[in-house]
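User: Please take me through the architecture of this model. I would like to begin with strand pairing.

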Amino acid sequence: MGLFERLRGDDGPRVAFIGIDGVPYSLLAEHSDRFPNLTALGEAGAGGAIDSIVPPESSACWPALTTGVNPGETGVYGFQDRENGSYETYVPMGRDVQATRLWDRVTDADRKATVMNVPVTFPPQRNVQRMVSGFLSPSVGKASHPEELTQTLEDGDYIIDVNAKLGHKDDKGEFVDHAHKTMDRRFDAFEQYLSADDWDLFFGVFMTTDRINHFLFKDYEHDGENREAFFEFYEQLDDYLGQIRELLPDDVTLVVASDHGFTSLDYEVHCNTWLKEQGLLSYEDDDHSELGDIAADATAYSLIPGRFYINLEGREPRGSVPESEYEAVREDLKSRLEALEGPDGTPVCERVVEKEDAFRGDHDDIAADLVAIPNHGFDLKSGFSGHDDVFDTGPRNGMHSFDNATLFIDDDDATIEDADLYDIAPTILELMEIDYDRTDFDGASLL
């Protein structure tokens, strides 16, 4: 039951989507007593674990979730992508997403959308009711539209993202405090615009969950010193989600989801260091720091997360592998990755996916030739300098996982079974009774 009467005309059912970046379903299910609001949401409607995408990287996941299609269609594969015919790389932003976003479909149906803090949406779109961009936005002023929203957020000291550098300190207290402040300000803004009740789709994301997980997840799973601080943060999140559910009018369905799962991190795996050890990667000089420094005789290189490219003649500027040898070289690299073991003898890769099995669409030409999905505990890194050892540890103790993402739908007609990230967009459109072509999506409605 909502606390606010609807302030606009009756244009059809509505949806409020709240993203909880990187939250694993098992965390919520195994501690239902500590998260009563999410537990109640699952009992009233549907809740369960879903699969993420290949690769399970937030910069690729959110474009996939908000379009319902794979990176071959969105054109975004990770935090860093490669230019065609070049060794130049770039950080994908909102304009790099080539598929139709969910809120654009809502707007095209003459409905209104408020979009807040979704990763990979900078600069803010002008064709939606209001938007503040998320992850990688430079400032609230540059990331928000219209001016009324900008002013409100600035007056409320809105924070786009937590200061992750604070998590590098041994004492996590300052980091946790800033994470709480970021989430508190996010909730204040969400509450204000949810209560405005002038939208058809509200789409907002708490990304601070991902940040907390990166630096405290192992404390949670292995009873570390910050375990209670971890739970206190999540209990506050659960409280905020309960408040959001209470204030929503009856014509609004609440959907809560994460973009990938999470697990403890034991080793960072420096993939380009490994390729160099394997004799597959070399550089033009010793002072190398980026992809453009690789030598003409290099066979392969890697970009995060776990994406491997063959240095192919005719595709890469200094390609060394002839097209006739491509399949054999790729199969050899795949076999080596499948055989790679960590210091304790555990296989690093849960599986290695060939690009044609993971990506399809108009923008699959920049796809990696192979994507390694690591076993829990191995975080695949791909810097080009500064790492002499393949296996290392860093300040983070949590990592993304392909499995165990979260989805709740406050509708008892929903069924979450064998679901994945691609199912969310068509489900939201069906909840809103907005027509769509089923062939537009890689997923299907869960109603």
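**Strands, voids and charge pairs**

Analyst: In β16, Asp379 is the bridge partner of Glu268. The model is predicted, so to speak of local features requires pLDDT of at least 70 and side-chain atom pairs count only at pLDDT 80 or more, whereas totals for chains, interfaces and linings use all residues. Residues are numbered from 1 along each chain as its sequence is written, and side-chain values use heavy atoms, with hydrogens and water left out.

User: How many bridges join β11 to β16, and do they run parallel or antiparallel?

Analyst: Four bridges join β11 (267-270) to β16 (378-381), and the two strands run parallel. Strands here are DSSP runs of E with at least two residues, helices are runs of H or I with at least four, and both are numbered from the N terminus. Two strands pair if DSSP finds at least two bridges between them.

User: What is the strand order of that open sheet?

Analyst: The order is β16-β11-β17, three strands in an open sheet with mixed pairing. β16 and β17 (391-392) have a single partner strand each and stand at the edges, so one side of each is left without a neighbour in the sheet.

User: Are the faces of β12 covered or open?

Analyst: Both faces of β12 are covered. Ala300 and Ser302 on one side, and Tyr301 and Leu303 on the other, are all buried; the term means under 20% relative accessible area, with over 50% called exposed and values in between partly exposed (1.4 Å probe, protein chains only). In a regular strand the side chains alternate between the two faces of the sheet.

User: Now the voids. What volume does the largest pocket have?

Analyst: The largest pocket has a volume of about 1000 Å³. On a 1 Å grid over the protein atoms alone, a pocket is an open set of points with protein on both sides within 12 Å along at least five of seven lines, a cavity is a set where a 1.4 Å probe fits but cannot get out, and lining residues have an atom within 4 Å of a point. Points are joined across faces, edges and corners, and the volume is the space filled by probe spheres set on them.

User: Which residues lie nearest the centre of the largest pocket?

Analyst: Of its 41 lining residues, Glu57, Ile304, Asp379, Lys381 and Arg396 lie nearest the centre. By class, the lining has 17 nonpolar, 13 polar and eleven charged residues. Ala, Val, Leu, Ile, Met, Phe, Trp, Tyr, Cys and Pro count as nonpolar, Asp, Glu, Lys and Arg as charged, and the others, Gly among them, as polar.

User: Which domains does the lining draw on?

Analyst: At least three residues come from each of domain 1 (14-260 + 402-432) and domain 2 (266-396), with bounds taken from an automatic or database assignment. Among the elements that supply at least two lining residues each are α9 (208-221), β11 and β16.

User: How many cavities does a search of the whole structure find?

Analyst: The search finds three cavities of 30 Å³ or more. The largest cavity has a volume of about 50 Å³, and its lining includes Asn37, Leu41, Arg245 and Val256. α2 (36-44), α10 (227-247) and β9 (252-257) each supply at least two residues of that lining, which divides into five nonpolar, two polar and one charged.

User: What lines the second largest cavity?

Analyst: Its lining includes Val269, Trp274, Phe308 and Leu380. The residues there divide into nine nonpolar, no polar and no charged, around a space of about 40 Å³.

User: Last topic: how many salt bridges does the search find?

Analyst: There are 25, each a side-chain nitrogen of Lys or Arg within 4 Å of a carboxyl oxygen of Asp or Glu. Arg34 forms one with Glu235, the closest N and O atoms being 2.7 Å apart. That pair links distant parts of the chain, with Arg34 in the loop between α1 (25-29) and α2 and Glu235 in helix α10, 201 residues apart.

User: Is the Asp200 side chain, which meets Arg111 in a salt bridge, buried or exposed?

Analyst: Asp200 is buried, and so is Arg111; their salt bridge has an N to O distance of 3.2 Å. Glu316 and Arg315 are likewise both buried, and their closest N and O atoms are 2.9 Å apart.
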